[in-house]
Every structure is written in C-alpha cells, then in structure tokens.
Amino acid sequence: MSNIQVHRPLTIEQTEVARYLALEQTAAGFTLPSAESSDRHFFFSLPGAVALPAVIYYRTRHTGTPAFSVRINDATVTQYNFVNGDEAERTWHEIVPAHTAGGPTLRPDGNELVFFARDGSVTFGDVVILYASNQTTVQVPIVITTHP
C-alpha cells in the first residue's frame, strides 16, 4: 500500500452565477392600499437559488405620509414611514439576507413576496430580484406547430 501526499487542499467546482427575475406583473405598477386589500402577494420561483445574499430593486411613488413594508418569505427587507419632504418618487435597493431562522431566505421554488402599505398611498413597480444560482441555463419549453 502506498501513501498519497497532497500539497494543496482538494476542491471541487460548483457553478455559481448571478441571475435575475423581473416580475412582469409589476411593470405597470400597483397601488396600495387598494379597495380590496392593504397588501399584495407575488409567488415565484428562482431556478437554482443558493443561500447567498441577494438584492431586490423596486420603485415607489407616494402621496401623503404612508408607511410600507416589503417581505420576502420570512425576511422583512424594507420598513419605511414616509415623512413630509420625502421625494414623491424613489427607487429602492435592499439586501435580502442569505438565511433567516427558518433556513435559506430564497428557495428555488415556493417564494412569496409581500408588499404592504397603510395611512396614505404607495404605488410600487418595476420589481427585480438579483440572486445567486447554481444553474447556468434556463429551460424554455419548445412549442411545435404544424402547418397543413
């Protein structure tokens, strides 16, 4: 039997790329509170999401001095009370923590994003999430049509 000497650590390579999700249904904006509710829920997948910090970007336009919050799964990423003198339109970028007490904040499937507002009016829009993934490709369904 012979011994093998290793002079440097053994490693393996793991794919890690930056990917993003633009929530199409937020492109036109939505206002809270609405006649139906003070919050709005979005459910989405992040293919290959790994437990690393991520970033969420969005814009707001408000009237009055409302309070609002943004939550992704178990992590509250924004809580803000507008005050007199705040610009009516703003853009936001917030760090999404890699973990919460319940485990990884972002998951490949079953994510929930919740916007909430009260005491005024907030229009949210153009929501984008930048995250780390272990998948470099995206599966796109192939549609085959036949012509007579």
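Reader: What volume does the largest cavity have?
Author: About 30 Å³. Keep in mind that this is a predicted model.

Reader: How many cavities of 30 Å³ or more does a search of the whole structure find?
Author: One.

Reader: Which residues line the largest cavity?
Author: The lining is made up of Val-50, Ala-51 and Leu-52, then Val-96, Pro-97 and Ala-98, and finally Pro-104, Thr-105 and Leu-106.

Reader: And by class, how many are nonpolar, polar or charged?
Author: Eight are nonpolar, one is polar and none is charged.

Reader: Switching to salt bridges. How many does the structure hold?
Author: Three. One of them joins Asp-126 to Arg-59, with 2.7 Å between the closest N and O atoms.

Reader: Where do Asp-126 and Arg-59 lie?
Author: Asp-126 lies in strand 9, which covers residues 111–133, and Arg-59 lies in strand 4, residues 54–72. The two are 67 residues apart in sequence, so the pair ties together separate parts of the chain.

Reader: Is Asp-126 buried, exposed or partly exposed, and what is the value?
Author: Partly exposed, at 38% relative accessibility.

Reader: What does Arg-71 pair with?
Author: Arg-71 meets Glu-112 in a salt bridge, at 3.9 Å from N to O. The cut-off for a salt bridge is 4 Å, so this pair at 3.9 Å counts.

Reader: What about Asp-119, what does its side chain meet?
Author: The side chain of Arg-118, in a salt bridge with an N to O distance of 2.3 Å.

Reader: How exposed are Asp-119 and Arg-118?
Author: Asp-119 has a relative accessible area of 51%, so it is exposed. The cut-off for exposed is over 50%. Arg-118 is partly exposed, with 39%.

Reader: What is phi of Asp-119, and where is the residue placed?
Author: Phi is near 60°, a positive value in a residue other than glycine. Asp-119 has its place in strand 9.

Reader: Where is Asn-73, and is it buried or exposed?
Author: Asn-73 sits in the loop between strand 4 and strand 5, the latter being residues 75–81. Its relative accessible area is 5%, so Asn-73 is buried.

Reader: Backbone again: what is omega for the peptide bond from Leu-32 to Pro-33?
Author: Near -10°, which makes that bond cis. Most peptide bonds are trans. Pro-33 is found in the loop between strand 2 (30–32) and strand 3 (39–44).

Reader: Last topic, the surface. Which residues make the nonpolar patch?
Author: Ile-4, Val-6 and Leu-10 make a nonpolar surface patch of about 390 Å².

Reader: Where does Leu-10 lie, and what is its relative accessible area?
Author: Leu-10 lies in the segment before strand 1, which spans 17–22. Its relative accessible area is 76%, so Leu-10 is exposed.

Definitions and conventions: Residues numbered from 1 in each chain as written. Predicted model: local features only at pLDDT ≥ 70, side-chain atom pairs only at ≥ 80, totals over all residues. Heavy atoms only, no water. 1 Å grid on protein atoms, 1.4 Å probe; cavity = no way out; pocket = protein on both sides within 12 Å on 5 of 7 lines; lining within 4 Å. Points joined across faces, edges and corners; volume = space filled by probe spheres on them. Nonpolar A, V, L, I, M, F, W, Y, C, P; charged D, E, K, R; others polar. Patch = residues over 30% accessible without salt bridge, like charges linked within 9 Å, V, L, I, M, F, W, Y side chains within 5 Å. Areas by Shrake-Rupley, 256 points an atom, 1.4 Å probe, with all protein chains shown as cover. Helix = DSSP H or I, 4+ residues; strand = E, 2+ residues; numbered from the N terminus. Buried < 20%, exposed > 50% of the residue type's maximum accessible area, 1.4 Å probe, protein only.
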